[in-house]
Amino acid sequence: MKQRFISSAQIILQLALTTVGLTGQTYPGKPKIIRCRSLEKETFSCWWKPGSDGGLPNNYTLFYSKDSEEKIYECPDYLTSGPNSCYFDKNHTNPWTTYIITVMARNEIGSNSSDPQHVDITSIVQPDAPVNLSLETNTSANMSYLWAKWSPPPLADASSNLLVYHYELRLKPEEKEEWETVSVGMQTHYEVTSLQAGVKYVVQVRCILDLGEWSEWSSERSIQIPKERLPPEKPTIIKCRSPEKETFTCWWKPASDGGLLTNHTLLYSKEGEEKVYECPDYKTAGPNSCYFDKKHTSFWTIYNITVRATNEMGSNVSDPHYVDVTYIVQPDPPVNITLELKKSIKRKPYLVLTWSPPPLADVRSGWLTLEYELRLKPEEGEEWETIFVGQQTQCKMFSLNPGKRYIVQIHCKPDHHGLWSEWSPEMYIEIPTDFRVKDMVVWIIVGVLSSLICLIMSWIMIMKGYRMMAFILPPVPGPKIKGIDTHLLETGKSEELLSALGCHGFPPTSDCEELLIEYLEVEDSEDQQLMPSHDTPSKNTKIIHKETDSDSGRGSCDSPSLLPVKSREPRGLPSTLQTQDVRAKEKKGGKGSWETQCSASEQKMLPCNSESIKSCTWLAAQLPGNQAAMFAYHSTVEAFRITLNTTNVNPSPVLVGNEENRQSLYPIAETVYDDVEKISEMEYSKTDQTTVQVRQNQQNDKSPFLNPKLMDYVEVHKVRQDEEPTLLLKHKENSGKTKKSTIPGTSKEYTKVSTVVDHHILVLLPDQRTQNTPVSQEPVAETSQNPQDSQAEKSTGYSTTAPSDSRGDTSGSDYMDPSSFMPSFK
Amino acid sequence: AASTGGTLTGLLLVTLLVSHMLLTKEGVTSMPICPNGSVNCQLTLEELFDRAVKLATYIHFLSSEIFNEFEERYAQGRGFIAKAVNSCHTASLTTPEDKEQAQQIHHEDLLNLILGVLRSWNDPLVHLASEVQRIKEAPETILWKAVEIEEQNKRLLEGMEKIVGRVQSGEVENEIYTPWDGLPSLQLADEDSRLFAFYNLLHCLRRDSHKIDNYLKVLKCRLIHDNNC
């Protein structure tokens, strides 16, 4: 075979596959033995499945051998069990032997054999299904049972009918899926109990020989189990209801009828009557109900109602149901519900609901009174809002959300008793939005009109330009404050401006403000003040000075009086005595107040502290220095008098008038100067001469006031708080003489009181006539003797003053530049 | 000429008057305000009926409440309702049992029946109000209602007598009234029996109060609104 195969393969190769490909002929495929089966352990059959036939008619041969023998036999009977099978009859079947079976397929080209199959007869036994299944039902003593009968499977060999089978039966209600299987045993009939009445059952059986496999299930048989025959169970009265308080109906629910036709009877008795009546009308209200018409309906009477169910097996009566018709009234829902949207005066929409009582209910006679309740909710809402409206048949609903769709329902019930009706069918109403078109139109028109007007107005404005502007807004007159340099204002350097205004410490302190007021009070004669000159910026300071002096409060900040005010800063100096004052000025003040003054002054000033205390103190000493010391007493006490008098008053008469005072003061002044001298000596050796001179002056001239030539331009400062009189020499800064007002030859006579400032400060004006003649040589000498010192003093002193001063611009002013004392503000 | 002038002025006056009436729109109603002590000043029948109906409704409301409360508290599962059949002391008064009967009966008879029922309740209500205090753990709501019903019943009786006096054409009939002998039952030692006696009394009270309420409403609609309420 192999050789043939090889040769055929060679042929295939040699003939380039065409011949084989065309004919498709080949040797047969491998057959397969499907199963071997014995129906009754005495015979058996084997079946096989052919492989491919190779395109040619095949012959199949079954060979078998027994385990006990070497010999190979062929199938004894190919026909009995059908095609492709081999039947082994009793003679060829040995239950104690294992058969080895193969099937060979053969055609013209070659042959092929199946795998060998080992067969043990006892293990391949499987009988056919039982036959002739028949079912019966029987009922005895109210029990239904099922009787099933069948026959064992038929066999080809009738002689083997003596075989004993075991049977199984299974059954289920027709509509169910799960089977209930019952082991029957060897009998061929079975009785099934505990069946459900009225159910159709399906039954099958199968069998088995002691070993082996179960047969197939037999074909199905089904049977209907008849219903039971029982007396009915207790029916239940569900409810009784009167829809209009005139008739009523009761319904009941039948229980199990026992599989028999059952009649239901409603019986009732009324309170106060022995007689039992039957339902007057079973039909009107439908099945399982009883309708009591008006004739049969009484109120304020208890009905005792029962329902009896009866069939041929017996009857059963429901529990009694006690009914007082008054309390079972449940009307129908209201009808004719209308929803109407109305608008109030305020145009707020509100909902008007109207409805009618249910048609059955006779509310007009007063027999039945209904109360209503309505509920509503927005369509998408969850919770109902329920409103009890009483007996009225309309309702107005306010405060509904506009733009929402509402669902409305109404139901009703008799007053005080009975039950609520069903809810009426849902009614829908859409509340329009609150948006009022009319109003909007009005507003739009108003808006358009107003914008139009605005446009026109602006157009006119543009066209007419300044004329209109001028008409509507007349030009504001420019500031006409004398002395304000507009140019400076324009340049916008605020610092400069401020300094020009003289108030270095900005904002002004309270001290400044105090002075301001006082300064204003003692306004000086206008004559002596400089006329404002706008021409030269160099004169700014003076202008400002003047301005401030005359009218602006700020000027007071700049006023010379500020110096002493500030000089009082030194810790509470003893005030009453001038001596103390002066001494204090030189002593403590020298250290404290002047120091403070210097340090507090602007950057331009020389730091006196660092350079030398002397120079600072010198300033202090110097300022009052030359003559001031002399006039110290003069200032304070007399100042008041002078102040009381008008300005420009020649001091002399006043002084004369006050000689007594002067006298009294004088010695004190002396002591003062003694002290001063001492101090000066101690502290400042360089100032010795000055003090000496002063003293000499005092000594020489008994009354310095009598000698006007001794007088310099002097300011008398009275520090109010401490009442320290201070004499300040106001250096005349006349033409060309800038810083060095005390330059020799400039001594003047001060005969006029220029201003009395602040009740404490006396501003003296030099006598123009005597200006040229040196009044006092001592001061001149002093200054000349100490040119360096004086220079230092001056520089220091001026440095502490306003920059304008240091610039030396000031000229022609009888006033001391108040800004020179500005540091004292600090 | 003078007469024409007079007629003209008269016409003018009439027009003025009419226009004034039209303008004010307020016709003079026949509702004189009664001064105190006035003899002829009476409430209208409608007002009397309104008040009577309100009162009857109120009494029925109270008796329903008191009955429900009592039933809930003391009568659960005791089957009192079955025993309560046909045991109201006013059962002997034949009253209309349905709408037809209520509409057919003469209103004077019906009024007298109402009076009779009300009178029949005078006595038992007094006892109820006192005896109900002895019920074990009687809630306050039951107690005050019993008192309230008793008082309101008297008021209603007064009002009804007034109405009857107004409506009655002939002589007032002899006082109809059925005596009540239930006091001993309210004082029974056996709690179950005693509670049943209360239950029954309250049950009857609820029924009769409803009857009266219902009859009064029917009468009102019939007499005042000509059956068109």
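Predicted model: local features only at pLDDT ≥ 70, side-chain atom pairs only at ≥ 80, totals over all residues.
**Burial in chain A**

I started with how much of chain A is tucked away: 47% of its 826 residues are buried (buried is under 20% relative accessible area, exposed over 50%, partly exposed in between, with a 1.4 Å probe and protein chains only). Residues are numbered from 1 along each chain as its sequence is written, chains are lettered from A and ligands numbered from 1 in the order written, and side-chain values use heavy atoms, with hydrogens and water left out.

I then looked up the surface of chain A, which comes to about 41500 Å², with 54% of it on carbon and sulfur atoms (Shrake-Rupley method, 1.4 Å probe; for residues, only the protein chains shown count as cover). For secondary structure I got 21 helices and 34 strands in chain A (DSSP runs numbered from the N terminus: helices are H or I with at least four residues, strands are E with at least two). Of the chain A contacts with a separation of 6 or more, 65% join residues 24 or more positions apart (contact means heavy atoms within 4.5 Å).

**Where A meets B**

Next I went to the interface. Chain B puts 30 residues into the contact and chain A puts in 25 residues. Between them the two chains bury about 2400 Å², 53% of it on carbon and sulfur atoms (buried area is the accessible area, 1.4 Å probe, that two parts lose on being put together, summed over both). On the chain B side, B:Glu97, B:Lys99 and B:Arg207 lose the most area to chain A, together 26% of what that side buries.

I counted polar links too: 13 residue pairs between chain B and chain A are in polar contact, both residues at pLDDT 80 or more (N or O atoms within 3.5 Å; within protein, one must be able to donate a hydrogen and the other to accept it, and residues adjacent in sequence count only if both atoms are side-chain atoms). Which elements of chain B give two or more residues to the side that touches chain A? I found helix H2 (45-74), helix H3 (80-83), helix H4 (99-104) and helix H8 (191-223). H8(B) brings the largest share, 11 residues. By class, that side of chain B has 11 nonpolar, 10 polar and nine charged residues (Ala, Val, Leu, Ile, Met, Phe, Trp, Tyr, Cys and Pro count as nonpolar, Asp, Glu, Lys and Arg as charged, and the others, Gly among them, as polar).

**A:Thr301**

I picked A:Thr301, which sits in the loop between strand E20 (289-292) and strand E21 (302-311) of chain A. Its relative accessible area is 4%, so I logged A:Thr301 as buried. Leaving out residues up to four places away in sequence, A:Thr301 touches A:Lys270, A:Glu271, A:Val323, A:Asp324, A:Val325, B:Glu97 and B:Arg207.

**Salt bridges**

The whole structure has 22 salt bridges over all chains (a side-chain nitrogen of Lys or Arg within 4 Å of a carboxyl oxygen of Asp or Glu). Five salt bridges cross the interface of chain B and chain A. One pairs A:Asp324 with B:Arg207, closest N and O atoms 3.8 Å apart.

Another joins B:Lys99 and A:Asp362, with 2.6 Å between the closest N and O atoms. This pair runs from helix H4 of chain B to the loop between strand E25 (349-356) and strand E26 (370-378) of chain A. Are B:Lys99 and A:Asp362 buried or exposed? I have both down as buried.

A:Glu371 is in strand E26 and A:Lys413 in strand E29 (residues 405-414), so the pair ties together parts 42 residues apart in sequence. A:Glu371 counts as buried at 14% relative accessibility, and A:Lys413 does at 13%.

B:Arg134 is exposed at 57% relative accessibility, while B:Glu131 is buried at 5% relative accessible area. I also noted that salt bridges with shared partners join A:Glu246, A:Lys294, A:Asp362 and B:Lys99 into one network.

**B:Ile66**

Last stop was B:Ile66 in helix H2 of chain B, buried with a relative accessible area of 0%. Not counting residues up to four places away in sequence, B:Ile66 touches B:Ile142, B:Lys145, B:Ala146, B:Ile149 and B:Leu202. B:Ile66 and B:Ile149 are 83 residues apart in sequence, with 9.7 Å from C-alpha to C-alpha.
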